[in-house]
Amino acid sequence: MNQEQITTKLSQINSEGLEASFSLSEAALVNAQKLAELNYAASKDALVNAQDGFQQVLTAKDPKQVTELLNAETLQAAGNQAAAYQKKVSKVLRDSNKEFANVVDASIDQLQDGFQDWINTVASNAPAGSETFISSFKTVYGSALQGFEQFRAASKEAFATAEKTADQALETVQGQIAQVKKAATPASRSRKAA
């Protein structure tokens, strides 16, 4: 195997890695666009709801009417909107994490296969007496493969942690909504009884 063949093989491996990078970049842009659309819709809904609320407060005839407007159902509706938004964001993040993990796995497998093929080609075409060099090169390559596997494991762990954190945040929001509803319900009953 001559220098040109070795360079061509390495160039092919690098091209495949570059394609994977472009794929990841494209997926990141698509997911950023999804998040931007979610944020826009949530901001628009919040603005409309705020305008409606202000309009109702401005048309109220006395302070008691204003107090009645700020009841548990109103707070619960706002909390439900926040929870729905959080679910949508979590879904986008979860989907993008899965897509990223799949691309990382495929890239690592592709890179490993490409390097293994290259090493086998170099070893089969190596001149006589270079067995020691080839053996040490394969040892270095084996160490590099372990690094790829460690990266793969760390990536999977990071994705699992991100999903768990998103789920915990959603549970926290839902728990706070339930607490507000529970705390407000006796207060509204006692006002009605009085």
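**Aromatic pairs in their setting**

The protein has an accessible surface of about 13,500 Å², and carbon and sulfur atoms hold 58% of that area; accessible areas here come from the Shrake-Rupley method with a 1.4 Å probe, and for residues only the protein chains shown count as cover. Happy to walk you through the rest. Please keep in mind that this is a predicted model, where local features need pLDDT of at least 70, side-chain atom pairs count only at pLDDT 80 or more, and totals for chains, interfaces and linings use all residues. Residues are numbered from 1 along each chain as its sequence is written, and side-chain values use heavy atoms, leaving out hydrogens and water.

The protein has four helices and zero strands, where helices (H or I, at least four residues) and strands (E, at least two) are DSSP runs numbered from the N terminus. Its C-alpha atoms fill a box of roughly 100 × 25 × 15 Å along the principal axes. Of the 194 residues, 20% count as buried, a label for under 20% relative accessible area, with exposed meaning over 50% and partly exposed in between (1.4 Å probe, protein chains only).

Now to the rings. Rings of Phe, Tyr and Trp (its six-membered ring) pair if their centres lie within 6.5 Å; planes under 30 degrees apart count as stacked, over 60 as edge-to-face and the rest as tilted. By this rule there are two aromatic pairs. In one of them, the ring centres of Phe 115 and Tyr 141 are 6.3 Å apart and the planes meet at 70 degrees, so this pair is edge-to-face. Because Phe 115 sits in helix α3 (residues 72-124) and Tyr 141 in helix α4 (residues 131-193), the pair ties together parts 26 residues apart in sequence. Phe 115 is partly exposed, at 22% relative accessible area, whereas Tyr 141 counts as buried with 10% relative accessibility.

Phe 133 and Phe 137 make up a stacked aromatic pair, with 6.1 Å from centre to centre and 25 degrees between the planes. Both of these residues, Phe 133 and Phe 137, belong to helix α4, where four residues, about one turn of the helix, separate them.
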